[in-house]
Amino acid sequence: MNTATPASTLALENVSFAYGHAGLFRRTPPGRVLHGVDIRIASGVTVGLVGESGSGKSTIAKLMLGLATPLEGRVLLDGQPLQALSRLERARTVQMVFQDPYSSLNPRATIAEILAAPLRVHGIGDAASRGAEVRRMMDAVGLVSAFAQRYPRELSGGQRQRVAIARALMLQPRIVVCDEPTSALDVSVQSQILNLLLELQRERGLGYLFVSHNLAVVQHLADEIVVLQGGRVVERGTANAVYFRPGHAYTRQLIGATLLPPDSAFAAGVPA
Ligand SMILES: Nc1ncnc2c1ncn2[C@@H]1O[C@H](COP(=O)(O)OP(=O)(O)OP(=O)(O)O)[C@@H](O)[C@H]1O
């Protein structure tokens, strides 16, 4: 079945941001944490966003999810301001997979309830059609149907991350922001999850923003890499160009900091 979503482009155009910029009683101007950032994610394309802690990666993710508005610049979906879209339209456009599948899933809900929640919250379908969609999505991410009535604590880390990925896809988004989706997992399951993400991208034409501090991991997955330092894009280019021919000293520093040991899951490439 062709589950591809319509082709889309999500773009940050010359975006600056400061926390608290909309505050009414602020006496001093808030410090900027993003400065004139441009990033475009198109369907079927993976953009890797790398930078140290505090460089602004999560803030960019929030802007792309519509959870924050720019101080300057625009966030556009196919040329339309993201903020002009309804909550449902935004939720159907961009979803997120978090780093930690332990804390991102409701511990008191079964897997079936967790996966049905996005449809239920947005009033989509009835209980029967939601159940069918949950089973279809569990199959798509490689979870056997017996897991439907289990709780997150009964699953392994890799299985939980499959649930988190399935939940992100329940509303058929076009763009997925993956925030270090494998860094909390055992090395042995990291490549399985990355392969699943790549397979789902091929099937559905998803656009990914893959956020990481680890350039070596991103180099294996991304078409384009954007390097962020102190809220500024200091380098961008094809994954191979940035990784093998870095032009900026900060990029070289990041590569040096993340060189992988030979037995790492990524050192030999992500298995096909
Ligand atoms: N809610 C907030 N209020 C005020 N400042 C914040 C808030 N969230 C983040 N910041 C600041 O914004 C800057 C960018 O933070 P951000 O979380 O986007 O970086 P990051 O690259 O995602 O870091 P990490 O890799 O640690 O998640 C940092 O200086 C941070 O202290």
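**Setting up**

The model is predicted: local features need pLDDT of at least 70, side-chain atom pairs count only at pLDDT 80 or more, and totals for chains, interfaces and linings use all residues. Residues are numbered from 1 along each chain as its sequence is written.

Start with the whole protein chain, coloured by secondary structure. The chain has nine helices and 10 strands. Helices (H or I, at least four residues) and strands (E, at least two) are DSSP runs, numbered from the N terminus. Of the 272 residues, 38% are buried. Buried means 20 or more other C-beta atoms within 10 Å of the residue's own, exposed means 12 or fewer, and partly exposed is in between, with C-beta atoms placed from the backbone. Among contacts with a separation of 6 or more, 68% link residues 24 or more positions apart. A contact puts two C-beta atoms, placed from the backbone, within 7 Å.

**Stop 1: the six-stranded sheet**

Select S6, S7, S8, S3, S9 and S10. In that order they form an open sheet with mixed pairing. The edges are S6 (94-97) and S10 (232-238); each has a single partner strand, so one side of each lacks a neighbour in the sheet. From one strand to the next, the twist averages 20°. Two strands pair if DSSP finds at least two bridges between them.

Now zoom in on S3 (residues 46-50) and S9 (residues 224-229). They run parallel, joined by four bridges. Val 47 sits opposite Glu 224 in S9.

H9 lies across S3, S9 and S10, at about 105° to S9. Axes are lines fitted to C-alpha atoms, for helices over the stretch in contact, and angles run from 0 to 180 degrees between N-to-C directions.

**Stop 2: the four-stranded sheet**

S1 (residues 9-18) pairs with S2 over seven bridges, in the antiparallel sense. Leu 10 faces Ile 41 in S2.

**Stop 3: the ligand**

Show the ligand and its shell: Tyr 19, Val 33, Gly 51, Ser 53, Gly 54, Ser 55, Gly 56, Lys 57, Ser 58, Thr 59 and His 213. H1 (residues 57-64) gives the largest share, three residues.

**Stop 4: the nonpolar core**

Select Leu 49, Ile 60, Met 64, Ala 166, Val 177, Leu 209 and Phe 210. These touch the most other members of the largest nonpolar core, which has 66 residues. Helix H5 (residues 157-169) supplies the largest share of this core, six residues. Such a core is a set of buried Ala, Val, Leu, Ile, Met, Phe, Trp, Tyr and Cys residues joined through C-beta atoms within 7 Å.

Centre on Ile 60. Beyond its neighbours within four places in sequence, Ile 60 contacts Leu 12, Leu 34, Val 37, Ile 39 and Leu 49.

**Stop 5: Tyr 151**

Finish in the loop between H4 (127-140) and H5, where Tyr 151 is found. Tyr 151 is partly exposed, with 16 other C-beta atoms within 10 Å. Not counting residues up to four places away in sequence, Tyr 151 touches Pro 107 and Thr 110. Draw a distance to Asn 106: the two C-alpha atoms are separated by 8.7 Å, for residues 45 apart along the chain.

Terms used
A residue is near a molecule or strand if its C-beta atom, placed from the backbone, lies within 6 Å of it.
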